[in-house]
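Hello,

Here is the structure we spoke about. Please look it over; my notes follow below.

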Number of protein chains: 2
Amino acid sequence: MKPSRRPTAHDVAALAGVSQSAVSRAFTPGASISRRARLLVQQAAETLGYRPNLIARSLITRRSGTIGIAIGYMDNQFYPAMLDAMCAGFAAAGYRVLLFTPGPGGDPDPILDEVLRYQVEAVVLASARLTSHFAEQCSQARVPVVLFNRRTERATVSSITGRNREGAAEIARFLIDGGHLRFAYVAGLEDSSTSRDRERGFVDTLRQAGLTPATRVVGHYDFALAREAARTLFSAPSPPDAIFCANDHTAFAVMQTAQAEFGLRVGTDISVVGFDDVPLAAWPAFDLTTYAQPIRPMAERVVAATLAHLADPLCPPIQEQVDGSLIVRGSARLPPRRHS
Amino acid sequence: MKPSRRPTAHDVAALAGVSQSAVSRAFTPGASISRRARLLVQQAAETLGYRPNLIARSLITRRSGTIGIAIGYMDNQFYPAMLDAMCAGFAAAGYRVLLFTPGPGGDPDPILDEVLRYQVEAVVLASARLTSHFAEQCSQARVPVVLFNRRTERATVSSITGRNREGAAEIARFLIDGGHLRFAYVAGLEDSSTSRDRERGFVDTLRQAGLTPATRVVGHYDFALAREAARTLFSAPSPPDAIFCANDHTAFAVMQTAQAEFGLRVGTDISVVGFDDVPLAAWPAFDLTTYAQPIRPMAERVVAATLAHLADPLCPPIQEQVDGSLIVRGSARLPPRRHS
DNA sequence: TTGAAAGCGCTAACAG
DNA sequence: CTGTTAGCGCTTTCAA
């Protein structure tokens with residue numbers, strides 16, 4: 001017994017009494033090989049516990065079959081759910097996922113370099129940090145980039161987002177119809193396109209309705225900071241009665257602070273609305289009114305866009321917005337019923 | 001301009017006027033190369049945008065630098081948090097993470113095969129499905145396996161778990177001291193070692209105290225199913241006053257069902273205790289008493305165990321239990337204060 | 001310190 | 001359908 005090395009195609013070939021190329025062919029779906037030869041190889045492979053080395057294959061085919069996914073915010077349920085869905089989508093398309101989580105603090109650049117060295121065929125960026133520079137480096141290396149839930153100003157890179165402006169505008173109208181008067185927006189990260197787009201849709205709609213502009217605080221998409229922002233809001237001389245939060249995760253922080261620290265009844269004393277419709281939003285404890293960004297469809301679009309770039313390197317940037325919809329639950333006062 | 005191919009070490013060598021081996025050496029930390037040569041190479045690499053191909057390197061070094069992580073339950077906050085921590089840990093150790101999420105339903109075996117073909121150096125299993133058979137296949141292929149948060153009966157494979165028995169026993173004592181009388185356990189998956197161990201610690205402690213055995217329902221670690229189980233519990237003629245749930249995720253389902261559907265005040269009318277101490281448990285809306293499984297330390301132990309196997313292929317299985325602690329919050333009635 | 005040469009395990013022409 | 005022959009891009013002896 002030769003215990004040290006894993007069996008190679010040569011070993012299998014020797015045992016099966018065929019050439020090494022025959023072994024290769026036996027493991028290649030469309031290859032031309034006789035049933036007999038394939039059987040011989042399969043048996044030999046079985047007894048040896050042979051498994052084709054995909055690394056060696058990648059080297060020659062120049063396709064690693066690997067997609068890099070950068071994802072942050074694992075405490076915001078939206079991202080793990082998305083990761084799960086994307087992973088499944090890529091797996092179904094025959095790709096493996098190399099995960100990298102650019103932790104808080106520290107320069108994310110070295111990790112990018114690492115990933116590119118590993119010959120990922122494309123990169124999906126789902127983290128607000130490291131978006132622009134990172135994306136640039138990738139496209140310089142001719143590695144397609146797909147941004148998820150964020151975009152860049154320059155239309156040079158692909159992105160899949162929700163309908164941030166439209167969704168926020170719909171929320172504004174919903175709150176206006178609900179008879180609210182003092183609005184507030186809890187922003188995410190200042191340099192996040194997503195937070196800015198949502199703010200814009202919200203603020204513009206209020207302005208068009210001739211209402212008092214919304215108070216603005218910043219939660220940085222962080223639970224603790226969002227709670228801090230909520231305290232600022234509720235401690236003000238004239239606190240808001242309608243709060244739109246940059247995402248559900250932020251909304252949870254705001255709701256709980258309102259209830260636990262200010263004794264406010266959410267949905268009655270004040271209205272809180274989020275964005276995303278993560279599974280938690282439907283939990284009885286939250287019952288959050290929010291604008292749904294559908295996980296599965298978005299994941300599918302990300303996968304599709306990535307595959308499009310892989311299929312055609314000259315494919316122009318794809319910028320898609322996936323439709324969402326307002327999910328009305330109990331965290332915001334309802335507009336009066338209209339006759340239909 | 002030759003746009004099609006990415007630059008290789010040869011291209012860099014040609015431009016720098018050195019041999020291709022020199023290029024290799026310039027990118028190998030400990031290699032013997034003159035400052036001059038290294039500089040030449042670095043400049044040439046810079047202008048060409050050269051990045052060493054790690055796939056090619058793996059082929060010759062026989063080390064892919066990649067760890068496979070199988071993880072499920074992305075809706076249970078414990079797992080994304082753990083994934084994040086493990087990813088960071090492996091990255092710090094110079095390893096990349098290949099993620100695979102064995103979705104619900106379907107045979108997980110083909111995906112395993114896929115992963116092994118990709119030459120991962122080790123596999124971390126953090127999903128209850130695919131544990132035993134999968135682990136066997138891996139060790140047959142001489143790929144070290146580390147189970148996370150689960151173990152197998154046979155002590156042949158490494159595992160990192162929390163103190164399930166002890167933690168559950170401590171919870172039982174806490175509830176007994178709190179003066180509860182009618183206990184219940186909401187189990188996870190029936191074939192999960194974790195759920196069984198927790199149940200055992202809980203049940204044994206009750207028995208030793210001479211108390212009525214706990215009612216037992218099954219939540220399968222699933223939110224909806226756990227709610228269903230909770231309904232069964234609360235609809236019984238003599239409903240429990242102390243419920244221990246297999247994990248926090250299950251506890252959230254139980255708490256909310258108690259409140260929303262049965263009008264029970266958690267922490268007053270009934271006590272609910274979980275296991276894990278996920279970030280959500282500390283949210284005001286839940287304020288869940290639970291037994292903490294510390295994410296960071298557990299992740300560190302997983303990484304350490306994996307590296308130990310990598311460093312020494314003959315390393316015997318490592319079975320570690322990471323200490324936890326009871327986190328007392330408001331979801332369970334407190335034992336009466338004692339004089340200290 | 002350096003370059004030449006020999007592969008890592010596999011795929012992909014190319015003849016037979 | 002099959003075996004032979006070149007490599008994929010890199011690391012690693014081995015002499016020089």
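Strand β6 (residues 183–187) and strand β8 (residues 242–245) of chain B run parallel and are joined by four bridges. Across this pair, B:Tyr185 stands opposite B:Phe244. Strands (E, at least two residues) and helices (H or I, at least four) are DSSP runs numbered from the N terminus, and two strands count as paired if DSSP finds at least two bridges between them.

The model is predicted, so local features need pLDDT of at least 70 and side-chain atom pairs pLDDT 80 or more, while totals for chains, interfaces and linings use all residues. Residues are numbered from 1 along each chain as its sequence is written, chains are lettered from A and ligands numbered from 1 in written order, and side-chain values use heavy atoms, without hydrogens or water.

Both strands belong to an open, mixed sheet of six in chain B, ordered β7-β6-β8-β9-β10-β12. Its edge strands, β7 (215–218) and β12 (325–327), each pair on one side only. Neighbouring strands are turned by 20° against each other on average, direction ignored.

Helix α8 (residues 164–177) of chain B lies across β6, β8, β9 (271–276), β10 (289–292) and β12, at about 160° to β9. Axes are lines fitted to C-alpha atoms, for helices over the stretch in contact (heavy atoms within 4.5 Å), and angles run from 0 to 180 degrees between N-to-C directions.

Regards
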